[in-house]
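Open your viewer and keep the selection tool at hand. This tour goes stop by stop: select, look, move on.

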Amino acid sequence: WVPDKTTSDTQRAIDAVGFQSLDHARIWHHDTFIERHTSSIMHNKFIILLRDGTPVEVWTGSTNFTESAIYGQSNVGHIVRDEDVAQQYLAYWNKLALDPPGRSKRHSGSSHDEDAVPMDEINEQLQPDPAGAQPHDSITVFFSPRKTSDLLNWYADRMGDAADSVHFTAAFGVSQPLARVLNQDGKLSNEVGVRRSPRIARRIKTDDKLLRYILLDSQPSEHSSEKSRASAEKKGKGNDYCDYFDFKKLKSNRIAYGAVLSGRKEEVEDAAPSSERSEALTGLSTFVDFVHTKFMVIDALTDNPTIITGSANFSIASTEQNDENMLVVQGDTAVADVYFTEFMRLFDHFYSRDKRNESLGKGSKSPRPRAWIDVVEDDSWMKPYFDPSNQLFRERVLLS
């Protein structure tokens, strides 16, 4: 843990249930509370289960051990019952417990033993940067910090290789390597067959590109986008810069962001007040209100899905600076089904609120179309789902 008020409160809470006194807890301080001083952010969230001294299971994911994480945001807790994976996490933990320097370039400025090997070197020894897709039916573990952002670029390459679908959560925006992929048309979707679709041909024949679903914690700000773009231009990288305001224009991308229903009251035909009620947050979260998950599922409904999940936010900082852990699960359709189902639950929940709020004119001076407010009493709503040129046609086929 990193010493601060939160961890001090945690120490007192553990003392209240696990020790006879705070002084007694401090006697055990070096065995029970291990401080981490040299990491940019200690961002891991994992527990290793040992039986008779042997690591057998790992619980990991995006969930902080807080009320906010459990009751206030979307998060993932992922259990891996695999001794080899558990052993890798234990080896990582044992290195972290020594509180080594985080990165090689900061080594000389560390107050620690100058002979200590920094974590970025240790992590790349534990698991070197991958080359290409991982083997089918495998689980690969990656730890941060790392020497370069090559692993982040590898995530972007996997997204770029998607043939049918991408389901991606981004709690803190979309980093440039992934944004550039999202800003390009994908491959034709008839290269990989969708499984469990007895009512349609195994190989889908359509001219539509793949579908990419992006779930954000909040709607990006145009002002922030302009500042980031201006900063990139000053660095001579303006031509390569892209963000939400670029890739949201592509029909291949469906985007939702965290929101509650607008509180604006509407009048119905008989002039009676609407029974609609606004929503409110729990108040438990102070930084991330809605989406805190960090996962990407590629080709979820095929026979060889890729699930990338863990604590890292798919950013340069999470790759090069922070203490982080990520799992890459390749080819496990059962795991893919769980992530896919939860993603679509969240996506549909927020997408409907986004569209309804837009229909109410939230944040706009002029009223928007009322399609997400009024009841549609004919079959006009179905037509996009049977128009091969419409993205909803591809969605219908994909989810059939």
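## The whole chain

Start with the surface display. The accessible surface of the protein chain comes to about 21,200 Å². Carbon and sulfur atoms own 51% of that surface. Keep in mind that this is a predicted model.

Now switch to cartoon. The protein chain has 13 helices and 10 strands. It holds 400 residues, and 48% of them count as buried. Next, think about contacts between residues at least 6 apart in sequence. Of these, 67% join residues at least 24 apart.

## Stop 1: an aromatic cluster

Select Tyr213, Phe295, Tyr339, Phe343, Phe347 and Tyr351. These residues form one aromatic cluster. The count of aromatic pairs in this model comes to 20.

Zoom in on phenylalanine 295 and tyrosine 339. Are they stacked or edge-to-face? The pair is edge-to-face, with 75° between the planes and 5.0 Å from centre to centre. Where do the two partners sit in the chain? Phenylalanine 295 is in strand E8 (residues 295–298), while tyrosine 339 is in helix H12 (residues 333–359). They are 44 residues apart, so this pair links distant parts of the chain.

Check how covered each one is. Phenylalanine 295 has a relative accessible area of 1%, so it is buried. Tyrosine 339 counts as buried too, because its relative accessibility is 6% and the cut-off for buried is under 20%.

An α-helix has 3.6 residues a turn, so residues three or four places apart point the same way.

## Stop 2: arginine 254

Tyrosine 351 is part of the cluster.

Which residue meets arginine 254 in a salt bridge? Select glutamate 395. The two side chains meet at 2.5 Å, N to O. The partners come from distant parts of the chain, 141 residues apart. Arginine 254 lies in strand E7 (residues 253–257), and glutamate 395 lies in helix H13 (residues 391–398). Buried or exposed? Both arginine 254 and glutamate 395 are buried.

## Stop 3: helix H13

Seven of its eight residues are buried, so the helix is mostly covered. The buried ones are Gln391, Leu392, Phe393, Arg394, Glu395, Val397 and Leu398. What do they pack against? Show strand E5 (165–170), strand E6 (211–216) and E7: the buried residues of H13 pack against these strands.

Now click on arginine 396. Its charged end sits over the ring of phenylalanine 386, 4.2 Å from the centre. Phenylalanine 386 lies in the loop between H12 and H13.

Together they make a nonpolar surface patch of about 420 Å².

## Stop 4

Side chains of opposite charge can pair when their charged atoms come close. How many salt bridges does the count come to? It comes to 11.

Select glutamate 279 and arginine 353. Their side chains meet in a salt bridge of 2.8 Å, N to O. Glutamate 279 is in the loop between E7 and E8, and arginine 353 is in helix H12, 74 residues apart. Glutamate 279 is partly exposed at 29% relative accessibility. Arginine 353 is buried, with a relative accessible area of 14%.

Finish at Arg51, Glu57 and Arg81. Salt bridges that share partners join these residues into one network. Look at one of its links: the closest N and O atoms of arginine 51 and glutamate 57 are 3.9 Å apart. Arginine 51 is partly exposed, with a relative accessible area of 47%, whereas glutamate 57 is buried at 17% relative accessibility.

Methods:
Residues are numbered from 1 along each chain as its sequence is written. This is a predicted model: local features need pLDDT of at least 70, side-chain atom pairs count only at pLDDT 80 or more; totals for chains, interfaces and linings use all residues. Side-chain values use heavy atoms; hydrogens and water are left out. Rings of Phe, Tyr and Trp (its six-membered ring) pair if their centres lie within 6.5 Å; planes under 30 degrees apart count as stacked, over 60 as edge-to-face and the rest as tilted. Helices (H or I, at least four residues) and strands (E, at least two) are DSSP runs, numbered from the N terminus. Buried means under 20% relative accessible area, exposed over 50%, partly exposed in between (1.4 Å probe, protein chains only). A charge sits over a ring if NZ of Lys or CZ of Arg is within 6 Å of the ring centre and within 35 degrees of the ring normal. A salt bridge is a side-chain nitrogen of Lys or Arg within 4 Å of a carboxyl oxygen of Asp or Glu. Contact means heavy atoms within 4.5 Å. Accessible areas come from the Shrake-Rupley method with a 1.4 Å probe; for residues, only the protein chains shown count as cover. Patches are made of residues with over 30% relative accessible area and no salt bridge: like charges are joined within 9 Å, nonpolar side chains (Val, Leu, Ile, Met, Phe, Trp, Tyr) within 5 Å.
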